[in-house]
Amino acid sequence: MSANRVYNFAPGPSMLPLPVLEQAAAEMTNCRGAGMSVMEMSHRGKAFLEIFEETKTNLKHLLKIPDTHEVVFMQGGATLQFSAVPMNLIGKTGKADYAVTGNFSNIAMKEAKKYGDIHIACSSEDKNHTYIPTQEDISIRADAAYFHYCCNNTIFGTEWKYVPETGGIPLVCDMSSNILSVPVDVSKYALIYAGAQKNMAPAGVTVVIVDKSIVGNEHPLTPKLMSYKLMVESDSMNNTPPCYTIYMLGLVLKWLYTQGGVEGMAKIKTEKAKILYDVLDDSEMFIGCAEKASRSDMNVTFRTNSAELDEKFVKEAKQAGFDSLKGHRSVGGMRASIYNAMPIEGAQGLATFMRDFEAKNR
Ligand SMILES: *Cc1c(COP(=O)(O)O)cnc(C)c1O
């Protein structure tokens with residue numbers, strides 16, 4: 001890590017790999033000999049189309065996306081997908097089922113209610129979303145058009161350790177905060193979406209991976225930029241796509257290859273998470289917020305028994321170069337987001353800081 005950078009534990013927007021930022025800086029005024037920045041290029045010109053194709057190809061390769069599925073780049077964040085999903089997929093039955101395991105899945109469920117009959121297939125609200133329901137807890141209606149869940153709950157720090165079995169009901173997943181951290185069997189999903197600013201790129205692009213066989217049944221009033229059918233048909237180019245963010249995603253994907261791809265990332269993230277969870281398990285001061293079996297490898301939520309001590313921790317950690325550790329207001333305490341771009345040294349450094357803090361404040 002260069003001397004003037006901090007370890008940024010923010011939940012999103014979040015850290016980007018330093019080599020990526022350095023390459024972007026080097027190419028800022030003249031990208032690949034074009035004599036201009038990517039921000040200045042025509043989205044239909046050769047130079048940008050090369051970047052676009054390369055990014056899409058690498059994403060398909062890294063996530064082993066089968067030919068049945070297409071990648072489209074959309075805008076409006078993951079939040080716009082909360083509306084796009086029901087508009088495109090709820091279809092004639094007008095029924096969809098949702099797992100509510102945190103803040104974002106709850107917002108997604110509420111948004112879907114505008115478009116049809118929504119059933120909560122399972123919920124962890126009874127214990128303030130500190131756990132992930134088991135397969136036995138999930139009840140999906142036989143005539144649901146799809147089942148939606150969020151596989152990593154960014155705010156509460158819980159992560160699904162299994163892919164829910166839906167009995168043939170199309171599976172839709174919000175992977176905003178753990179995409180590219182772990183291999184995924186894309187063929188199991190009708191739709192995967194993820195805002196970029198947690199684990200992929202700067203804010204501005206949403207990656208949507210869609211099974212081509214499910215597009216084309218959208219509600220007639222679906223805005224055209226939210227139609228998966230049109231996005232697939234126009235190869236994300238119905239209007240100007242978020243060119244620079246797509247370019248940044250491309251750089252991040254190239255960096256991912258240097259880390260051993262998604263499989264390599266999965267090893268590293270497991271190691272980073274273990275470093276921090278080991279501190280929590282050894283500690284008499286820090287308490288993990290999530291149940292052990294449901295802990296997220298991306299967002300580590302913890303607290304002490306005192307709000308004043310939490311505040312002191314966040315403040316002193318920041319002074320020591322461990323930035324943005326304050327937890328979300330609905331959980332309190334602290335949250336260390338350790339996405340792909342967080343170097344292992346960042347997790348190690350924070351672990352040492354936590355042990356020292358405990359020794360000093362006992
Ligand atoms: C951050 C986040 C969102 C919201 O993303 P936006 O891009 O801000 O719309 C949705 N779902 C999950 C899981 C998130 O972490």
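In which loop is Pro13 found? Pro13 sits in the loop between strand E1 (7-8) and helix H1 (18-26), where helices (H or I, at least four residues) and strands (E, at least two) are DSSP runs numbered from the N terminus. The model is a predicted one, in which local features need pLDDT of at least 70 and side-chain atom pairs count only at pLDDT 80 or more, while totals for chains, interfaces and linings use all residues. Residues are numbered from 1 along each chain as its sequence is written, and side-chain values use heavy atoms, with hydrogens and water left out.

**Backbone**

The peptide bond from Gly12 to Pro13 is cis, with omega near -5°. Leu180, in the loop between strand E8 (171-174) and strand E9 (191-195), has a positive phi of about 70° although it is not a glycine. Most residues other than glycine have a negative phi, and most peptide bonds are trans.

**Ligand**

Of the 13 residues around the ligand, those that come nearest are Thr79, Thr154, Asp174, Gln197 and Lys198; a residue counts as near if one of its heavy atoms lies within 4 Å. Helix H3 (residues 77-89) gives the largest share of this shell, four residues. The table gives polar contacts, meaning pairs of N or O atoms within 3.5 Å.

| Protein atom | Ligand atom | Distance |
|---|---|---|
| Ala78, backbone N or O | oxygen | 3.1 Å |
| Thr79, polar side-chain atom | oxygen | 2.5 Å |
| Asp174, side-chain N or O | nitrogen | 2.6 Å |

The protein covers 86% of the 380 Å² of accessible area that the ligand has on its own, by the Shrake-Rupley method with a 1.4 Å probe.

**Two helices**

The axes of helix H7 (residues 261-282) and helix H9 (residues 344-361) come within 8 Å and cross at roughly 10°, these axes being lines fitted to C-alpha atoms over the stretch in contact, with angles from 0 to 180 degrees between N-to-C directions. H7 and H9 are therefore roughly parallel to each other, a term for angles under 35 degrees. Among the residues that meet are Ile275 and Leu276 in H7 and Leu350 and Met354 in H9, where contact means heavy atoms within 4.5 Å.

Key: Angles under 35 degrees count as roughly parallel, over 145 as roughly antiparallel, 65 to 115 as roughly perpendicular and the rest as oblique. A polar contact is a pair of N or O atoms within 3.5 Å; within protein, one must be able to donate a hydrogen and the other to accept it, and residues adjacent in sequence count only if both atoms are side-chain atoms.
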